[in-house]
Amino acid sequence: MLYHAFEMHKSWLAGASALATAGAQVIQHPANPLGYFGGSPMFASALEVFAHAAAPRGKPGFELYETVSEGETVRVTEKVEARKPFGQLKHFTHKKSAGKPKLLIVAPMSGHYATLLRGTVERMIGEHDVWITDWRDARNVPLEAGKFDLDDYIDYVISWLEHIGPGAHMLAVCQPSVPSYAAAAIMAADKHKCRPKTLTMMGGPIDTRKAPTAVNEHAMTRPYAWFQENVIVTVPAWYPGAGRRVYPGFLQLAGFMSMNLGNHMMSHWSMFKHLVEGDGESADKTKEFYDEYRAVCDMTAEFYLQTVDVVFQRHALPKGEMLHRGKPVDLTKIADIGLLAIEGERDDISGLGQTKAALTLAKSLPADKKKYLMAKGVGHYGIFNGRKWRDDIAPVVEKWIRANGA
């Protein structure tokens, strides 16, 4: 019933958004003399803010058409190189990308699309040969495609590294730090020729016992059965994945929004003021962020529940108890993969120390193969998007890749 209620609410808001958009356009039309007097401009701005907040959103596109490489502006081509039921491997190329360091960006499967990392990709494609994992919305995957859990996630990462070939580097943002770290350990134990040269983990929950956040407390204060009974729903009949059990993206979004409700309200208030003042450029920046942030997708129930259990409740990876296909994940097997751990000083999703723990756990790795960066004044989103990512964090990642590229 939860999913059906959400769909009904979404349909109502979609209609209300369309009416608000039409109302704002009528008021703001140059031929409407009433639009210049009294509170009309303010009312039109209020309608526009409501219309944007209530509008339904689908999967965004990366829309990266050009970049600067070696001082020259070049055209970027985006193509899908490998497909699997629950995701695909996208490749961004340009005429100068051949021969540059190969980089696999592992996007989170945490309720948002891979395009949340648009800024990450945009910053790296100039001087790197970039791939990214593009996960599917679970509600669109038919039941006959089977299940998808944490073990499958790790298998997908390994198979895509195999597709890219030897010598690749890997960058995991937030949630995929755990399966990416596990994949690197498994490949290192097998002396796999396609194991990554480096693994950069950014704001990842490697050991959530370190500086627990509200997200961690939420997972720890409720029993596993609570999540099974309260947040897992069945996909309705009108989607391709009808009958699949999922953790819906709208619940994840509601949780994230409620954590910082005051900030989100202030952002929309600022957008309203910019519109009233005629500052459309500043308002558009807020709109662009929420267009991306509010575009959400569902996760399979088995992946979500296994992540809650393994990562947040049992802390299996840092305890040395994590299994993949029934076999232990041994982090001490990592002996030649350069590890870079990056954390944001103001991260309210993965607290300080949670990602850094990865460096201590790799006991066989020499000190010169480990590096840590704490980005001052940066929150969770700012680790991989925005000015501080472009100017302060990305150069460290690039330098680390170059230093470990041989």
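Here are some notes for anyone opening this structure for the first time.

1. Ground rules. This is a predicted model, where local features need pLDDT of at least 70 and side-chain atom pairs count only at pLDDT 80 or more, while totals for chains, interfaces and linings use all residues. Residues are numbered from 1 along each chain as its sequence is written, and side-chain values use heavy atoms, with hydrogens and water left out.

2. A sheet to look at. Three strands make an open sheet, ordered 9-10-11, with antiparallel pairing. Strands here are DSSP runs of E with at least two residues, helices are runs of H or I with at least four, and both are numbered from the N terminus; two strands pair if DSSP finds at least two bridges between them. Strand 9 (233–234) and strand 11 (299–300) sit at the edges with a single partner strand each, so one side of each has no neighbour in the sheet. If sheets are new to you, their strands pair through backbone hydrogen bonds, either parallel or antiparallel.

3. Inside that sheet. Strand 10 (residues 245–247) pairs with strand 11 in the antiparallel sense, over two bridges. Which residue of strand 11 is the bridge partner of tyrosine 247? That would be methionine 299.

4. Glycine 243 lies in the loop between strand 9 and strand 10. With 36% relative accessibility, glycine 243 is partly exposed (buried is under 20% relative accessible area, exposed over 50%, partly exposed in between, using a 1.4 Å probe and protein chains only). Not counting residues up to four places away in sequence, glycine 243 touches Leu143, Thr234 and Val235 (contact means heavy atoms within 4.5 Å). Its C-alpha atom is 9.2 Å from that of valine 233, 10 residues apart along the chain.

5. Two crossing helices. Helix 4 (residues 150–164) packs against helix 11 (residues 301–313) at an angle of about 100°, the axes being 8 Å apart. That makes the two helices roughly perpendicular. Axes are lines fitted to C-alpha atoms, for helices over the stretch in contact, and angles run from 0 to 180 degrees between N-to-C directions; under 35 degrees counts as roughly parallel, over 145 as roughly antiparallel, 65 to 115 as roughly perpendicular and the rest as oblique. Leu150, Asp151 and Tyr153 of helix 4 meet Phe303, Gln306, Thr307 and Val310 of helix 11.

6. Lysine 147 and its partners. The structure holds 17 salt bridges, each being a side-chain nitrogen of Lys or Arg within 4 Å of a carboxyl oxygen of Asp or Glu. Lysine 147 bridges to aspartate 149 at 3.2 Å, N to O, and also to aspartate 152, with the closest N and O atoms 2.9 Å apart. Is lysine 147 buried or partly exposed? Lysine 147 is partly exposed at 45%, whereas aspartate 149 is buried at 10% and aspartate 152 is buried at 12%.

7. Other salt bridges. Arginine 314 pairs with aspartate 309, the closest N and O atoms being 3.1 Å apart, and arginine 314 is partly exposed at 36%. Elsewhere, a network of salt bridges links Glu70, Glu72, Lys95, Lys96, Lys100 and Glu127.

8. A buried threonine. Threonine 67 belongs to strand 1 (residues 66–69) and is buried at 10% relative accessibility. Leaving aside neighbours within four places in sequence, its contacts include Glu72, His94 and Ile125.
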